[in-house]
Amino acid sequence: MFTITKSEIGWNFDNSYVRLPKEFYSEVNPTPVNEPELVIFNKYVAESLGLDVRGLLEGGVEVFAGNKIPNGAKPIAQSYAGHQFGHFTMLGDGRAVLLGEQITPTGERFDIQLKGAGRTPYSRGGDGRAAIGPMLREYIISEAMHGLRIPTTRSLAVVTTGEPIYRETVLPGAILTRIASSHIRVGTFQFITGLGKREELKLLADYTIRRHYPEIKDDDKPYLALLREVINRQAALLAKWQLVGFIHGVMNTDNMAISGETIDYGPCAFMDTYDPGTVFSSIDTGGRYAYGNQPYIGGWNLARFAESLLPLLDENEKKALQLAQDEITKYNGIYRDNWLNGMRAKLGLFNQEEEDKELIEELLELMKTNSLDYTNTFAALTFDHLDGIMMCNKNEFENWLQKWKERQSRQKKSETKIKELMRSSNPAVIPRNHRVEAALEVAAEGDYSVMGKLLEVLKDPYAHSPEQAEYAKPPEPSNKPYQTFCGT
Ligand code: AMP
Ligand code: MG
């Protein structure tokens, strides 16, 4: 039989994480499955990793299922802790196995992780498995986020396992192969600080700096610089989420990556009608992770990160606390600047004026009171299709439009340049919930064509192509609010 050799596939592992102390992981192999079947495969991601597409299509399923460990991989489950809905818990990869770190032809390093690969020492009461719906959902949303140019983990493949998963109902089991620049989380730092291990904390911080922030390694105060840089990246990420109406849904500290990538797509969803109070997750009954609350929670999580770094910031506890607080208080301003600049771009504004914030807030208020679709309002402004959004409160809208046009004309930029900026800042499509659900519904019965078409239009949401028009439509009004469920 045709066998695939290492060089044909291109696996090129270097597993630096296992060189950290043993507290940070447990060696564990994925649990083999009966009848794996490859249901979706991302050739673009494979190519960027330096992997052979044809070879993976032929024999990759065994690797993606955890039945075969590629040469050079050293499978582990990572330990971490986390504040889940505000409560601190020791966790760890309960259903994910990290195969190793793939070094790409351009020298980049990416974690290759199998999610849903079986039990690990951190599984607690769980079965270590995942159902097909949530794994395909992560595949779709993470790839859509990439298309929207938002830092994110990516998806290489989903396989079904041929084994049933027992939840409220019996569901087909599946495994997602996830690619991340790393899986180091705020919760990884909380875990080691929680154990009171200062030396190991220092090793983790040094490792993180080498891997994600090499430019600060010679800083006078490298750990304070790490805190500052993570705040910068997270503030930028949170602003990007808000600008496209993305709701993560479960922003626990174990789901916040130190790299600044969006990670752990569970009950996430995109907002259709603009409303800061939007919550989709069935378990978020208090609205902790509501759309409008996300930036605040980002800051809350970063304060937990700062706390976990305290032992490294200064020997004097009081001084360490002061240093941490000084950085954390900057978060709000950094977030706001990122968000304001993003909104300016959405409105075709190149420069900054003091009154921009007011102009933007007035628009959002109009969108809220008139229950307008968030994405399509900006698209309508981009293409001057104003009829739809002018239906209610005509006078108020006209006043606002006039103010906006005057503001645009003060910046001495051509209409073409303004439109270009708006086109590239306002997506034509987002993965709308009704479209994602429709794709997942038929996928559960073995038809992946709907999902394939959806992924195609989401590849470049800023293309504004004719094929995207149909996917830009908001859902029919429904009397049942849309709800998402955790992927467990
Ligand atoms: P999540 O809400 O997906 O971020 O997961 C929170 C924690 O629960 C993590 O430690 C997961 O590894 C763990 N977990 C989630 N689902 C399962 C499962 N089916 N079996 C074991 N552990 C799980
Ligand atoms: Mg998680």
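Predicted model: local features only at pLDDT ≥ 70, side-chain atom pairs only at ≥ 80, totals over all residues.
**Entry 1: Arg-178**

I started at Arg-178, which sits in strand S10 (strands are DSSP runs of E with at least two residues, helices are runs of H or I with at least four, and both are numbered from the N terminus). Residues are numbered from 1 along each chain as its sequence is written, chains are lettered from A and ligands numbered from 1 in the order in which they are written, and side-chain values use heavy atoms, with hydrogens and water left out.

Is Arg-178 buried or exposed? I found a relative accessible area of 1%, so Arg-178 is buried (buried means under 20% relative accessible area, exposed over 50%, partly exposed in between, with a 1.4 Å probe and protein chains only). Its side chain makes a polar contact with the side chain of His-183 at 3.2 Å (a polar contact is a pair of N or O atoms within 3.5 Å; within protein, one must be able to donate a hydrogen and the other to accept it, and residues adjacent in sequence count only if both atoms are side-chain atoms). Among the residues that Arg-178 touches are Asp-111, Lys-115, Glu-138 and Asp-264 (contact means heavy atoms within 4.5 Å).

**Entry 2: the magnesium ion**

Asp-264 turned up again when I looked at ligand 2, a magnesium ion. Which residues are its protein donors? They are Asn-255 (OD1) and Asp-264 (OD), lying 1.9 to 2.2 Å from the ion (donors are N, O and S atoms within 2.8 Å of the metal, or 3.2 Å for Na, K and Ca; water is not among the atoms, so sites may look incomplete). Both Asn-255 and Asp-264 are buried.

Asp-264 also meets Lys-115 in a salt bridge, 3.7 Å from N to O (a salt bridge is a side-chain nitrogen of Lys or Arg within 4 Å of a carboxyl oxygen of Asp or Glu). Lys-115 lies in strand S7 and Asp-264 in the loop between strand S11 and strand S12, so the pair ties together parts that are 149 residues apart in sequence. Lys-115 is buried too, at 7% relative accessible area.

**Entry 3: two domains**

Next I checked the domains: domain 1 covers 3-183 and domain 2 covers 187-338 (the bounds come from an automatic or database domain assignment). Their contact takes 38 residues from domain 1 and 40 residues from domain 2. Together they bury about 3300 Å², with 63% of it on carbon and sulfur atoms (buried area is the accessible area, with a 1.4 Å probe, that two parts lose on being put together, summed over both).

How many salt bridges run between domain 1 and domain 2? I noted five. Elsewhere in my list, Glu-23 pairs with Lys-197, the closest N and O atoms being 2.6 Å apart. Glu-23 is buried at 14%, whereas Lys-197 is partly exposed at 30%.

**Entry 4: Glu-101**

Last stop: Glu-101, in strand S6. At 1% relative accessibility, Glu-101 counts as buried. A polar atom of its side chain lies 2.9 Å from the backbone nitrogen of Tyr-17. Its contacts include Phe-13, Phe-110 and Tyr-207.

Technical notes: Lists of a residue's contacts leave out its neighbours within four places in sequence.
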